[in-house]
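Colleague: Please take a close look at one part of this model and tell me how it sits among its surroundings.

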Amino acid sequence: EKRTKILDILQSGEVGSSALVKGWIRTKRQNKNVAFIALNDGSTLNNLQLVADPNEIEESLLRRCTTGASIAARGELVASQGSGQKVELIVKSLEILGEADPEKYPLQPKKHSMEFLREIAHLRPRTNTFGAVFRVRHAMIYAVHKFFNDKGFYNIHTPIITASDAEGAGETFKVTTLDLNNVPKTEEGKVDHEQDFFERETNLTVSGQLEGELAAMALGNIYTFGPTFRAENSNTTRHLAEFWMIEPEMAFYDLDDNADLAEEMLQYLVQYALDNCADDLKFLHDREVEENKNKKEADRPDMYLMDRLKFVVDNAFERVTYTEAIDILRNSKPNKKKKFNYLIEGWGADLQSEHERYLVEKHFKKPVILTDYPKDIKAFYMRQNDDDKTVAAMDILFPGIGEIVGGAQREERMDKLTTRMEEMGIPSEELWWYLDTRRFGSAPHSGFGLGFERMILFVTGMTNIRDVIPFPRTPGNAEF
Ligand code: 4AD
Ligand code: MG
């Protein structure tokens with residue numbers, strides 16, 4: 001006999017039919033005449049209520065039915081009186097699969113802080129919140145592939161171990177098989193990388209873009225969806241050392257085409273969640289309302305989760321240049337006490353996330369696509385504009401998040417590209433293969449990167465990026 005998933009029972013279980021369910025106990029309430037067990041198996045946020053008669057089910061079994069224990073229960077579905085569900089299960093037989101000592105099990109049925117749950121990342125998927133987040137995350141993975149597949153894009157796997165630093169930011173994790181306590185040295189006394197596994201220095205990829213560009217220059221429209229790694233020592237709620245990135249790259253697209261695609265994709269992903277994750281999103285929305293209930297009006301969000309999601313699908317994104325944005329920020333008074341200090345430096349400074357969020361949340365009140373950034377704060381591969389000062393870059397800014405997408409039209413002109421690389425100290429000999437696409441059949445092309453966890457932050461309303469990936473990697477954290 002196969003187990004039936006609780007999702008299926010709650011959606012279409014028929015009164016009078018029998019069922020075998022397996023799962024983890026969330027709570028148990030018991031008196032002389034009856035025991036109620038709330039069972040969850042991860043297939044849905046909702047628990048199935050099991051009803052057991054202590055006179056029929058052995059007392060020693062019921063005693064071991066504690067929060068966190070895993071059980072199998074066989075019984076009959078009946079119409080539910082009060083559990084908030086259509087059906088519940090009258091237990092005929094019960095088996096304990098795995099006990100959970102109530103003295104030791106860390107996840108007791110009470111409210112735990114996010115900080116505490118991060119310390120038990122191996123158990124936190126058993127909470128309502130993390131169950132919801134990881135189901136939504138799964139749906140988003142599928143939606144990404146569906147979006148691009150429906151458009152005829154090819155999914156390309158790019159290497160995880162590389163010899164290049166695509167963003168040129170020098171924040172790579174080194175990959176080596178050399179014995180750190182006994183590294184081979186060259187005659188000049190330097191580390192002899194020729195004796196390493198790949199006979200050269202290698203690192204984990206920070207982006208699949210460069211290889212994605214090669215693929216686009218042959219297959220037309222491609223996308224990557226893989227893990228990326230950055231050793232930036234930023235302990236923020238928006239940065240991970242290991243995160244997943246979606247990087248489409250399109251031959252013959254200019255910056256406008258690029259922005260159109262990114263906007264369509266972001267709206268599609270949010271709509272997909274609204275259509276397919278209704279229960280989990282409602283739970284996450286209610287949770288957010290509850291968390292803010294006791295805050296002062298001024299500290300509460302302008303909008304709650306569901307409204308933010310609808311706001312993104314209902315509003316065309318605002319498109320403005322960096323130069324226009326700087327003017328707006330300079331002339332704005334975010335509040336009486338504080339000024340955007342760095343703006344004193346003026347044109348050319350990079351935007352901080354508080355400036356990005358001001359533009360989105362307070363000024364335009366819709367998602368913003370910022371274009372044409374100063375070339376000195378952007379990567380070497382971005383296409384240079386005629387003004388000699390800016391590049392055809394675009395960042396997409398979201399409420400509550402700031403930058404969610406970064407992209408650009410790529411520099412397809414060989415001379416411009418190599419000159420820029422020289423200026424920025426990027427060794428062109430090592431990127432000879434990248435430059436070959438400009439040597440042979442070069443063509444205008446564009447692409448962007450969506451930080452998957454930032455997208456999940458937005459869609460779930462979670463506030464810390466450590467809480468939207470099962471096992472977050474941040475400075476000092478690689479336990480599980
Ligand atoms: O802006 P970034 O660095 O752009 C690139 O890597 C390009 N190669 C993308 C491309 O054009 N193909 O990163 C892209 C996105 C950011 O907008 C952000 O959403 C996310 O990746 N991101 C991070 N997410 C989590 N943790 C980090 N440390 C991140 N760094 C960037
Ligand atoms: Mg960026």
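Modeller: Met 140 touches Leu 269, Ala 273, Met 455, Ile 456 and Val 459, leaving aside residues up to four places away in sequence; contact here means C-beta atoms, placed from the backbone, within 7 Å. This is a predicted model, in which local features need pLDDT of at least 70, side-chain atom pairs count only at pLDDT 80 or more, and totals for chains, interfaces and linings use all residues. Residues are numbered from 1 along each chain as its sequence is written, while chains are lettered from A and ligands numbered from 1 in the order in which they are written.

Met 140 is among the residues that touch the most other members of the largest nonpolar core, which has 78 residues. Such a core is a set of buried Ala, Val, Leu, Ile, Met, Phe, Trp, Tyr and Cys residues joined through C-beta atoms within 7 Å. Buried means 20 or more other C-beta atoms within 10 Å of a residue's own, with C-beta atoms placed from the backbone. A second, separate core of 23 residues includes Ile 6 and Leu 77.

Met 140 is also one of the buried residues of helix 4, including Phe 130, Val 144 and Phe 147. Helices (H or I, at least four residues) and strands (E, at least two) are DSSP runs, numbered from the N terminus. The buried residues of helix 4 pack against helix 6 (255–276) and helix 13 (452–460), among others including strand 10 (221–229). The 23 residues of helix 4 (residues 128–150) should span 33 Å at 1.5 Å a residue, and the end C-alpha atoms are 33 Å apart, which agrees; the expected span is 1.5 Å times one less than the number of residues. Just after helix 4, Gly 152 takes a positive phi of about 80 degrees.

Notes. Buried ≥ 20, exposed ≤ 12 C-beta atoms within 10 Å, placed from the backbone. Contact = placed C-beta atoms within 7 Å.
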